[in-house]
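This report walks through the structure shown below.

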Amino acid sequence: MPEIMVGAASELADGEHRIVAVGELEVGIFRLGDRFVAYENRCPHHGGPVCQGKLFNGVEEIIMPDQTSRGLRFSKERHVVCPWHGYEFNLDTGRHPGDARVRLRPIPVRVADGGIYIETRG
Amino acid sequence: MTGSRGDSPTSAPAVRELEKITIRSDTRDVLAHAAKSARKLTDYFIVDIDAHVTETAFWSDITDRIDNDYLRQAAKSFRERGGSPPGLLNAQPGMSFQDMFGRIPHQQQQAEAVSGEGTHRQVELTRRAMDSMGIDYTVAFPTPMLLLGMHPQAEVEVALGRAFNRWLVEELLPREPRIKAMMYLPFNDPDSCVEVVEEFADEPGVIGFTVVSTRYRPVHHNSYMRLYAALQAAGKPLAFHSGFHWGDESMKQVNRFISMHAISFCYFNMIHLTNWIINGIPERFPKLKVIWVESGLAWLSFMMQRLDSEYMMRTSEAPMLRRRPSEYIQDMYFTSQPLETSNLKLAQATMEAIKADTQLLFASDWPHWDFDLPTTITNLPFLTEQAKRNILGLNAARLFGFEVPRHKLAQVPGPEPALAK
Ligand code: FES
């Protein structure tokens, strides 16, 4: 698979993301601590520019041992939110938190010699 | 608009940086992916029966057009309040959760730059969206005014409704003939509705009239018969544009916006459609065309079956009807958005039941959070090519008399009925 360097790893701070286009291919690159993940910038819902959306933590309901609710709060999961209609995707898995079958297309990404490389289709 | 960030770190191919989408993003950037799909639909005639303006962004221009000097001053006085709230409007801005607390920037605010003189900001925003989606004509509806039917002061609905109509007719429609409008009817005051029809029916660009459905008024009440007669005589369709109201006693039982929004947009149109049919309004005004806007389609299979079942047992309570309720529904028009597609078999059955190939009208609802694109229709696997073309624009062309450019009139050979695979 052809690979292309899209920038320096040091340019992307922890928790940040950027979106690049290489020809027709658009890719979102996300830094999660020391790890980098990348997904195609195409939402499985209606093809929206999902990676150009905002990052939010997931939301969970606070359920007590007696099954009563204490409302909602942010979880530790990092999500990217598609700006078209709000589909969210867990950045670790690329999957929709409400239906794991709905997922972003992962793009192989690696860091070498301080550079971020993504695979592009040949 | 988005451009290259600079040189690629490798020689070729070039790496372009794409910007994150914010409230300041250009509509053409937000909809860049839609524009790519639209390039494959250039020989489709596409009419967007339901797109929205954000009237509060131009609220002074609208309220300056209020006839009544007392109400005009009242609206004006709000401009000196902190935050300049839209005076006289009853929407609850603190509970408008459509943008999911910032997750959907274009619903939060369209704060993009609009350069150049000579056109209206709203016209430019609408054009950008239309061109991105490949839309030939669009019909402009308001946004927070969709709740105006719940205003406790009928005279305020009359004043704001007429002012909004004038703003559309004076500011928007003359500047862009591809933008059309269905005039706001202040339905809490039946006599004023008739005056609106008389005043605006012949205005260029006015293709019908709208009742915003979120209200507690029985559409079969005798006080509305003059209005329906006037609409029928004018030959202009009547749209019931649905909406939500979390303050409704039933809706107060649900604790999340998702629940209220999902039910509310169907709930109000369910009530009005039931009254409309059971009281035989289609028999009394057989030439009056009715469009049900922004309730999606899933509610219709329920309504058709439910009303038919009860009608066959309790026919004595609906003596005006000569056919089953579902058959009247098949004569009505519906807009497609928000199209429910999680179960395609149900979607197909519903489209067949309502005779979508002649009665369904594409709508985007842009710039709202649950908008649809023309590809929402073209991607449906069970529609014939002709049905897609009808739904996207040719049905609207027939209903409203739009002229269709020759190259978009493609007749696609296919089995009848058009929906059959
Ligand atoms: S296209 Fe991404 S949420 Fe709809």
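## Hairpins in chain A

The model is predicted. In chain A, β6(A) and strand β7 (residues 88-90) run antiparallel, joined by three bridges. A:His79 has A:Asn90 in β7(A) as its bridge partner.

A:Glu60 finds its bridge partner in β6(A), namely A:Arg73. Five residues lie between the strands in the hairpin of β5(A) and β6(A). There A:Gln67 takes a positive phi near 70°.

## Chain A as a whole

How many helices and strands does chain A have? It has zero helices and eleven strands. From the N terminus on, its elements read β-β-β-β-β-β-β-β-β-β-β.

Along the principal axes, the C-alpha atoms of chain A fill a box of roughly 55 × 30 × 20 Å. Chain A has 122 residues, and buried residues make up 49% of them. Take the contacts in chain A between residues at least 6 apart in sequence: 46% of these join residues at least 24 apart.

## The interface: area and composition

The size of an interface is often given as the accessible area lost when the parts come together. Here chain B and chain A bury about 2800 Å² between them. Carbon and sulfur atoms carry 52% of that area.

In terms of contacts, 32 residues of chain B touch 35 residues of chain A. The rule finds 13 residue pairs in polar contact across this interface, both residues at pLDDT 80 or more. Three elements of chain B, β1 (15-18), α2 (32-38) and α5 (105-108), each supply at least two residues of the side that touches chain A. Of the elements, β1(B) gives the most, with four residues. By class, this side of chain B has 16 nonpolar, six polar and ten charged residues.

## Strand pairing and salt bridges across the interface

Strand pairing also crosses between the chains. Strand β2 (residues 17-22) of chain A and β1(B) run antiparallel, joined by four bridges. In this pairing A:Val20 stands opposite B:Glu17 in β1(B).

Side chains of opposite charge can pair when their charged atoms come close. Across the interface of chain B and chain A the rule finds five salt bridges. B:Arg103 and A:Glu88 meet in a salt bridge through their side chains, at 3.0 Å from N to O.

## Salt bridges within the chains

Over all chains the structure holds 35 salt bridges. In chain A, the side chains of A:Asp99 and A:Arg101 meet in a salt bridge at 3.0 Å, N to O. A:Asp99 is partly exposed, at 25% relative accessible area. A:Arg101 counts as exposed, at 72%.

In chain B, the side chains of B:Arg65 and B:Glu171 form a salt bridge at 2.8 Å, N to O. B:Arg65 lies in the loop between α3 (59-63) and α4 (69-77), and B:Glu171 in helix α7 (residues 154-172), so the pair ties together parts that are 106 residues apart in sequence. B:Arg65 is buried, with a relative accessible area of 18%. B:Glu171 is also buried, with a relative accessible area of 18%.

Another salt bridge joins the side chains of B:Glu176 and B:Arg127, at 2.5 Å from N to O. B:Glu176 sits in the loop between α7 and β4 (179-184), and B:Arg127 in helix α6 (residues 121-133), so this pair ties together parts that are 49 residues apart in sequence. At 7% relative accessibility, B:Glu176 counts as buried. Both residues belong to a network of salt bridges that also links B:Asp26, B:Arg28, B:Glu112, B:Glu124 and B:Arg128.

## A buried lysine in chain B

Is B:Lys408 buried or exposed? Its relative accessibility is 10%, so B:Lys408 counts as buried. B:Lys408 lies in the segment after α17 (385-400) of chain B. Setting aside neighbours within four places in sequence, its contacts are B:Thr42, B:Asp43, B:Tyr44, B:Phe45, B:Asp136, B:Arg389 and B:Leu394.

How values were computed. Residues are numbered from 1 along each chain as its sequence is written. Chains are lettered from A and ligands numbered from 1 in the order in which they are written. Side-chain values use heavy atoms; hydrogens and water are left out. Contact means heavy atoms within 4.5 Å. Buried area is the accessible area (1.4 Å probe) that two parts lose on being put together, summed over both. A salt bridge is a side-chain nitrogen of Lys or Arg within 4 Å of a carboxyl oxygen of Asp or Glu. A polar contact is a pair of N or O atoms within 3.5 Å; within protein, one must be able to donate a hydrogen and the other to accept it, and residues adjacent in sequence count only if both atoms are side-chain atoms. Ala, Val, Leu, Ile, Met, Phe, Trp, Tyr, Cys and Pro count as nonpolar, Asp, Glu, Lys and Arg as charged, and the others, Gly among them, as polar. Two strands pair if DSSP finds at least two bridges between them. Buried means under 20% relative accessible area, exposed over 50%, partly exposed in between (1.4 Å probe, protein chains only).
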